[in-house]
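Here is a short briefing on the structure shown below. Keep it open while you read the points that follow.

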Amino acid sequence: MTTEFVENITEQALRRAGAVIRQGGLVAFPTETVYGLGANALDGAAVRRIFEAKGRPQDNPLICHIASPDAIYSLAREVPEAALRLAREFWPGPLTIVLPCRPEVPSEVTAGLDTVGIRLPSHPQARALISEAGVPIAAPSANTSGRPSPTTAAHVLEDMGGRIDMILDGGACSVGVESTVVSLAGSVPRLLRPGGVTLEMLRSVLGEVEVDRAVREQIGADVRVSAPGMKYRHYAPRAPVVAVTGDPQRSAAYILSELKDGDGVICFEECRPMFEGRVQYLHSLGMASDPSDQARRLFDDLRAFDHCGAERILAQCPGDDGVGLAVANRLKKAAGFHVVEV
Ligand code: TXA
Ligand code: MG
């Protein structure tokens with residue numbers, strides 16, 4: 001299959017992309033979080049093609065993207081007051097709300113669960129595409145399953161070239177990690193995946209929010225979890241990763257003491273001078289105090305190591321405050337939860 005790569009997203013290109021979606025094809029498109037791999041969410045056969053293109057496990061449900069808040073009613077069977085409050089506060093934006101789903105939502109989207117994840121992205125071209133398509137768009141991140149999520153169209157091309165109909169290039173993603181996923185399907189709101197809308201922000205609107213175990217720990221592949229996507233090794237570059245948490249000066253000192261030939265390092269910007277000249281492959285995650293910047297850089301840093309041939313990656317990992325929880329979660333998952341606390 002030839003993949004059309006659209007460098008300049010004109011109205012005409014969006015109309016064509018909308019038609020591809022309606023006809024059951026696959027279009028990769030930019031969002032504020034990461035690039036999505038979209039198909040018509042109401043067409044089970046189209047959605048199956050997403051799983052084939054990504055090599056994604058069948059039991060991992062997809063998020064449905066909508067272009068206006070009212071579309072929530074076409075997918076969710078029940079919309080509690082709390083969902084409306086979240087939508088008012090954080091939509092459009094990097095938040096997915098899991099709700100009981102209507103029977104019309106194909107089981108390919110929900111992976112057989114009785115809930116559906118819904119998100120209204122803030123990226124103008126993402127919303128324009130959904131409007132053009134005229135249907136909700138089911139879209140996971142547009143990477144090969146298990147690889148770091150794509151934050152540029154070049155990342156998408158690397159993984160999906162030849163496997164999908166179209167890639168829309170909207171530049172680099174501004175958030176850089178996938179949306180926050182919160183479930184309102186149980187008695188207490190539950191954070192399933194941390195992201196740009198932080199736990200603190202959710203609690204300011206909802207009060208009590210539980211944090212799913214899978215956010216901080218490894219969950220075995222045989223265990224039933226609330227967010228099936230959280231149990232797989234994920235975000236992983238080819239080389240094994242070790243995530244080192246704790247005070248930045250101490251974690252940098254630990255990594256220096258462990259360095260071997262062929263190692264790559266991801267460090268905080270202020271620690272970079274400690275590593276320069278002492279390690280072959282070095283990438284900065286940004287300032288220790290700026291987890292939002294770290295979120296924007298993380299996946300590109302992880303992918304960069306695949307091109308230079310690093311044999312192992314040692315990474316400084318931020319603490320759990322604010323967007324730091326999302327960055328730490330992705331790094332620990334990339335490390336298969338091989339975490340050293342110093
Ligand atoms: O930012 C994002 O959310 C991106 C962009 C493209 O919007 N999409 C994305 O999709 O990250 P994906 O498929 O890579 O991750 C979806 C996550 C998975 O962990 C999945 O298990 C969870 O959301 N999820 C989806 N529907 C769910 C449901 N009904 N119940 C629980 N978890 C669900
Ligand atoms: Mg993904």
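How far is an oxygen atom of ligand 1 from an N or O atom in the side chain of Thr33? The distance is 2.6 Å, which falls under the polar-contact cut-off (a pair of N or O atoms within 3.5 Å; within protein, one must be able to donate a hydrogen and the other to accept it, and residues adjacent in sequence count only if both atoms are side-chain atoms).

This is a predicted model: local features need pLDDT of at least 70, side-chain atom pairs count only at pLDDT 80 or more, and totals for chains, interfaces and linings use all residues. Residues are numbered from 1 along each chain as its sequence is written, chains are lettered from A and ligands numbered from 1 in the order in which they are written, and side-chain values use heavy atoms, with hydrogens and water left out.

**Confidence**

- The chain has a mean pLDDT of 95, and 96% of its residues reach 70 or more. pLDDT is the predictor's confidence in each residue, from 0 to 100.
- Among the elements, strand E2 (residues 27-29) has the highest mean pLDDT, 99. Helix H11 (residues 291-308) has the lowest, 94.
- Helices (H or I, at least four residues) and strands (E, at least two) are DSSP runs, numbered from the N terminus.

**Ligand 1**

- Arg193 has a polar side-chain atom 2.9 Å from an oxygen atom of ligand 1. For Arg119, the corresponding distance to an oxygen atom of ligand 1 is 3.0 Å.
- The protein covers 98% of the 680 Å² of accessible area that ligand 1 has on its own. Accessible areas come from the Shrake-Rupley method with a 1.4 Å probe; for residues, only the protein chains shown count as cover.
- E6 gives the most, with four residues.
- The shell holds 27 residues, counted as near if a heavy atom lies within 4 Å. The closest are Thr33, Arg56, Asn60, His65 and Ser179.
- By class, the shell has 13 nonpolar, 10 polar and four charged residues. Ala, Val, Leu, Ile, Met, Phe, Trp, Tyr, Cys and Pro count as nonpolar, Asp, Glu, Lys and Arg as charged, and the others, Gly among them, as polar.

**The sheet**

- An open sheet of 11 strands runs in the order E1-E8-E2-E3-E7-E4-E6-E5-E9-E10-E11, with mixed pairing. Strand E1 (4-6) and E11 are at the edges with a single partner strand each, so one side of each has no neighbour in the sheet.
- Two strands pair if DSSP finds at least two bridges between them.
- Strand E5 (residues 95-100) pairs antiparallel with E6 over five bridges. Leu99 has Val116 in E6 as its bridge partner.
- Strand E9 (residues 180-183) and E10 run antiparallel, joined by three bridges. They form a hairpin with six residues between them. Val181 stands opposite Arg193 in E10.
- E10 pairs in the parallel sense with strand E11 (residues 210-211) over two bridges. Val211 in E11 is the bridge partner of Leu191.

**Backbone details**

- A cis peptide bond joins Trp91 and Pro92, with omega about -5°. Pro92 sits in the loop between helix H4 (81-90) and E5.
- Ala111 has a positive phi, near 55°. Its place is the loop between helix H5 (107-110) and E6.
- Most residues other than glycine have a negative phi, and most peptide bonds are trans.
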